Amino acid sequence: MTPPVTLIVNGEPRTVEAPPFATLADTLREGLHLTGTKVGCEAGDCGACTVLLDGEQVCACLVPTAQADGRAVTTIEGSDPAGLIDRLREAFLARGAAQCGICTPAMILAAADGLRRDPRPDRASVEDAIGGVLCRCTGYVAIVDAVMDVARGANALAPQAGAGAAVGARIARVDGRAKVAGTDRFGADHQPADALWLRLVRSPHAAARVTIGDLAPVLAHHPGLVRILTARDIPGENSFGVFPHLKDQPVLADGRVRMRGDPVAALVGTRAAVEGCPDADLPVRYEVQPALTGVAAALEAGAPALHAAVPDNVLTRGRLARGDVALGHAAGAATAEGRFETAFVEHAYIEPEAGYARRVGDRIEVTACTQAPVMDQEDVARVLGLPLSSVRIVPTACGGGFGGKLDISLQPILAVAAWLTRRPVRMVYTRIESMASTTKRHPARISARMSADAAGHFTAFEMEGDFNTGAYASWGPTVANRVPVHAPGPYRVAHVRNRTRAVYTNDTPAGAFRGFGVPQATIAAETLIDDLAERLGLDRWTIRRRNALDHGDTTASGQVLHASAGLPRCLDALRDDFFALEKTAAAANAGGPRRRRGVGIACMWYGCGNTSMSNPSRMRIALGPDGSLTFLNGAVDIGQGSSTVLLQIAADALGLAPDRFRSVVGDTDLTYDAGKTSASRQTFVSGNAARLAGESLRARILALANAGPGARLILEGARLTIADGEASRSLDLAALPVDETGAVLAGEGWYDPPTTALDADGQGIPYATYGFAAQVAEVEVDTQLGTVRVRRIVAAHDVGRAINPTLVEGQIHGGIAQGLGLALMEEFIPGRTENLHDYLIPTAGDMPEIDVRIIEDPDPEGPYGAKGVGEPALVATAPAILGAIRHATGARLTRVPVLPHRLHAALHAREAAE
Amino acid sequence: MRYFRPTSLADALAIRREHAVTVLAGGTDVYPAAATRRAWGDPSHPDILDISGLAELRGIADEGDHWRIGALATWTDLIRADLPPLLDGLKAAGRAVGGVQIQNRGTLVGNACTASPAGDGIPNLLALDAAFAVSGREVAARDFFTGYRATAVGPHDLVTAIRIPKRPGRGHFEKLGARRYLVISIAMTGLAVETDPGGRIVQARIAVGACAALARRLPALEADLAGLPLAEAPGLVAERHLAGLSPIDDVRASAAYRMAAARTLVADALAHLAGHPVARAA
C-alpha cells in the first residue's frame, strides 16, 4: 500500500514511504516534514504548493507521488544553481513582498522558474510567471517589483535602523527571514509525532433537525477511529461567540443545524481513519426544513426564528441621529437617492484554518492560526469548563486573516478532543470547508438619500441598511454599530439619520472583514455624492474637497476633530492626477470607441479601534542579566506587519536598535493581552502600549544611572552603557537582582484609547482617532463585453505617521486588491462558490498601477503620531472604481460585484433608454 | 484503492479492460474532483490508471499529412512546439489555461476527455477537424464529444493521441473570463480560417465553447463567410449565426450575456486574423 519512492529533493535523494496517489505536496509535508511547501486548496486553484519538478513549476497538490519517483524536486528549502532563489529571497525582504508569507515560497519558486526561462522579463511576463499563485495580502505590486529587481540585478538589501532611528525606516519585517526561507510555521506546519487527527462531519443542509443514532457500530467498523464526538461530549458549554451575551454558535450541532457546514460530529483517530470514514457511514439523520436565504425571507412576518431569544431575527439595530434630516433635505438645492446591494465576500486567506491541541496535565494548549488569542482562550475555557488560566493559546504564523480569523473555528473542538483523548489532536480545514463554514463580509441592502445646497455643501444624509449576518451573531453587532457612524463619509453634514439592522438568516455567518460594513456603506454615499455633483454642475473632486472634514470640524456623531484630520491634504495630493486623468479619458473616448476610459474618485474615513468600547493593550520589554532584550508582544501579526511596527516603536522609545530585540509574540502564557488584531488598532493602540513600555524601561535605566533624558544607551553583552556626555556610566546587568520572570529590568506599557459611550442617537466619541483617504481610479471598459480593466489607482492616505513606509504601502496595495475584488469579481454564494475557482479573487494580472501618496498629519494621541492603515485602502477602492465605470459609460451601478454580465445588462438598459 | 502505472500501452489497455479505473495523466482534473468529494465526507475514489509511464503517448510529431499530439503532451509542450499558424489557436488556448503550473501538467487530451463545456482546448479541436485515436480506431472530434462531460471513449478505451490534419490557414482563440489568470471561461471561440491570396475566405471553421453543454461549430456562419473578404468578416457575425448555442445562467454569467459575448468574441477573433487585433479590457 505504501511502497517507498525516492525523490531527489533539493539535490538529495530522499526515500519515503507514501501511497502512489498521495499528492507530492502531502508527501513532502507529512512524509519528509518539508513544510515550506504550503497547501491552500488541493485543487490547483491557488498555487501555494508550487514546487519545481525537474526545474519546472507545478502544483504539488496535483502531482501523484508515484510520478515524482526518481525526479528532481526543488522546494523553498532548497536553492538553484543560478542562485535565483536566494536573490529572490533578499528582494522579497527588501520590497516587503512577503506579508503573511503563506504564498511566499510558491511565489519565489514560480518567479525563479520564470526568470530561468526569461532572464530579462517585462512586468507582463513576470505576471505570466507568477500568475498561477494567488496572494491575498500584497496586491502583487511588491512581488512583481521584487522579481523585476532581481531580473535587473538591482536588488538591494533592506536598510537597517540604528538606535533611535527605527520609526520611519523601511526595515525588513522582523519575521520576514523565516517567511522567505519557508521556515515560518503556520497552523498546518506543526506536526506532533503522536497526534491524532480530527475531521468534522458537516451538514450539507442549511436548515434541518438532526438526530444521531448509535455510533458504536461505526467505531467497530473503522478501527482507526478513537472517538466520535457529538454535542453531548462537550465538557463545558456547547457554545461560543464574540460577545458575552451572544454565545449562539454551537461547537457541535445539538439537534438542529442552521447553516450549510454546521458541524454535527467530530471524528477523532488516525489520519487514515478520519479521512477514510465516509460521512454516509454515520447514523446522522437530517429532517430538512425550509431555509431562510437572504434578509427578506428572514424578515417576513411569520418567518421561523433562527434563535429563540430573537423571535424577529433582528439581531441588532444601530442608529445615529443628528440635527433634522427633513430640514436638511429641504435646505438642499439637489437631492440624490439610491438603493445599493452587495454580496457575501470571502476573506480567501490562502492558509485554511489549521492547528493542534494538546493536554498538559490539567491544562490545555491550542496551537493554531488566529487573530485573537485571548478571545480564543476565553471560549476554549468556556467550552471545556475550565478556568481561563488552564488554557494556553499559542498563535502560529497566520497565513492571512482580514477579519476571518477573529472568530473561533477549530480551536474549541480540537481542545475538546485533546482533553478527552489525552493525545495531541491535529486538524487542517480543507479549502471548501473553510469557505463553506467560516464567516464572510455581510451582504448589505442599503437605501440612502443625500442633499446638498447650490454651492455643493452637504445638508443632509440618511441611510437605512440591512446586513445579512447569517446563522450566528459573530461580529454582526459591530457592523450594525460601526456603519451608522461612518456612513455619511468623511464630510461635514449637519443633518444625519442612519439606521442599520443585522439580521439572522440560514446563510453562512457574516462577521468581521476589513472594514466592518464601512466598505458597503461607502459605496452608497460616494455614489450619491457623484449624483449631487452632476446635478449641481460641480466636478467630483471639488464637491468632496468643499465638504471634507478638517481640523476643528464636527463629525456626525458630534465628535470634534481636534487633530490629525488629513483628508483635505489627501484630496489636494491627487487633485492634479484626477483632472489630468479626466482629460486623458476625454481624449481617449473621442470618436466613441468601443473601449472607453473613465475616472472615479472616492474618500473614506475609518475609526481606529473598537467602537466606543474599552480595547486596551499591554506590552512588556524585559532586559535579562545576560543583556538579552525581549519584547513581549501579545499582538498577533497576521501579515500586516505589527510585529515589526510595534518593535520599531518600542525600540525608539527605549533608544536601542530594533535588531537588539528578541520578540515573543502572542502566546497567552508569555505575553499580556494586546487585544484583537482588528479594527486597524494595533499600530495605534498597541503602538502606544509599546511606546509606553519602551519609555518606562528607558526611564528606569536612566534613573539607575541618574542620567538626563537625552542619554544614549549602548548594550554590549551584559554591559549597558548610558552615555550622557561627561556623565556616562555603565551597568553590569549580570550583577543586578533578577525578578520572578528572569528579568533584571523591565518596562511595561498599557494603553486604552480614550472614547465615550454613544447615546441613543449615536452621539459621543466612538474612536480616539480616524484614518482618512482619497483615491482616484482610472478604468477602461469594453462596452461590448462589459469587462472592466482598472488601469491605475492613485491613493492618498493620511496615516498620521508612517512607522514603516514599506509596510504602509503594502497595506494600501493589498487593500486596493481586495477593494477591486469587491467591486468587480467577488461573490460568495453558499453551496455554489465555495472553492477558489468558482469564487474569484484578483490575480497578478488584474492589478492596476498603484501610486501611493502617504500623507502624515500626525495625531498627538498616536505613537509618534501614527494611526491605523489596515482597513482604509479597501474602503475607498470600490466606490472609486464604480465612479470610474460611470464616468466611462454613464452606467450607474448600484450592485457589486460588477460582473461582466451585470455591466453588459446595465449598458444595454441605458442604450434602450436612450 | 489500487494505483496502476504500466509502462506499455498493451498493459494499460489490459488494465482498462479488467478494472474500472480513472485515467490520470497530469492530474489537474482528477485531484480537484477528489478534493470536492472529500470536503463533503466522501473519501471514495476509483482505482487509478496512471498513463504517465507510457512512452508511446508522449510528444508532438509531424506525421506527413497530419500533426500527432500524444495523450501525454502538456499545454506547455504545445506552446513550445514549432507548429504552423494553423495551430496558433491551440497554443493561445494553452496560454489561457490556469497558470503556468497547470499548463506544465495538464494535457490537451485530458482536457478533451474531461469534456467540460468550458474546456479551453475543445473549440479549437472542433475548428481544426481534429480526430482522436481511441484504442486504435479514429474518432472525429464532432463525434468524440457526445454531451455534457460525455465522450465516445468507452470504459475499456484509451485515447492515445489527437491527429490534426494539415491544412492551409491560420488559427486563433479568444477567451473571456472574469479575471486574467486561473479562470474558467465565460465564453470562448476557437477558429481556423483559410484565405486565398486576395484575402477572401476559402474556408472558415469556427467553434464556440462554454455556451452549450458542449462546444459547438457555427455552420451557418461558416457558410456565410465562404468567399467573402476576411476583412469584412467581423462585421457580418449576426445573432442568427449563434442559433445552435444554448447557454445557461450560472455563477459566472447569464445566458443572454453569453450569447452576446460569443458574438463579440467570434467577431474579435476574425478581426484578429484579418490583422486588426482587439485588445480587450479584461
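Trainee: Which residue is the bridge partner of Leu200(A) in S10(A)?
Mentor: In this predicted model, Leu200(A) has Ala266(A) as its bridge partner in S10(A).

Trainee: And how many bridges are there between S6 and S10 of chain A?
Mentor: Strand S6, residues 196-202 of chain A, and strand S10, residues 263-269 of chain A, are joined by 6 bridges, and they pair in the antiparallel sense.

Trainee: What packs on the sheet, touching S15 and S16 of chain A?
Mentor: Helix H12 of chain A, residues 373-384, packs there, touching strand S15 (363-368) and S16, and the direction of H12 makes about 145° with that of S16(A). Helix H13 of chain A, residues 411-421, packs on the sheet as well, and the strands touched by H13 include S6, S8 and S10, while its direction makes about 35° with that of S14(A).

Trainee: OK, what's the strand order of that sheet?
Mentor: The order is S8-S10-S6-S17-S14-S15-S16 in chain A, which makes an open sheet of 7 strands with mixed pairing. The edge strands, each pairing on one side only, are S8 (225-229) and S16 (391-395) of chain A.

Trainee: Switching to the contact between the chains, how many residues does each chain give?
Mentor: Chain A gives 58 residues and chain B gives 46 residues to the contact. On the side of chain B that touches chain A, helix H2 (30-39) of chain B is one of the elements giving two or more residues, and H2(B) gives the most, with 6 residues.

Trainee: How do the residues on that side of chain B divide?
Mentor: They divide into 26 nonpolar, 12 polar and 8 charged residues.

Conventions:
Residues numbered from 1 in each chain as written. Chains lettered and ligands numbered in written order. Predicted model: local features only at pLDDT ≥ 70, side-chain atom pairs only at ≥ 80, totals over all residues. Pairing = 2+ DSSP bridges. Helix = DSSP H or I, 4+ residues; strand = E, 2+ residues; numbered from the N terminus. Contact = placed C-beta atoms within 7 Å. Axes fitted to C-alpha atoms, helices over the stretch in contact; angles between N-to-C directions. Nonpolar A, V, L, I, M, F, W, Y, C, P; charged D, E, K, R; others polar.
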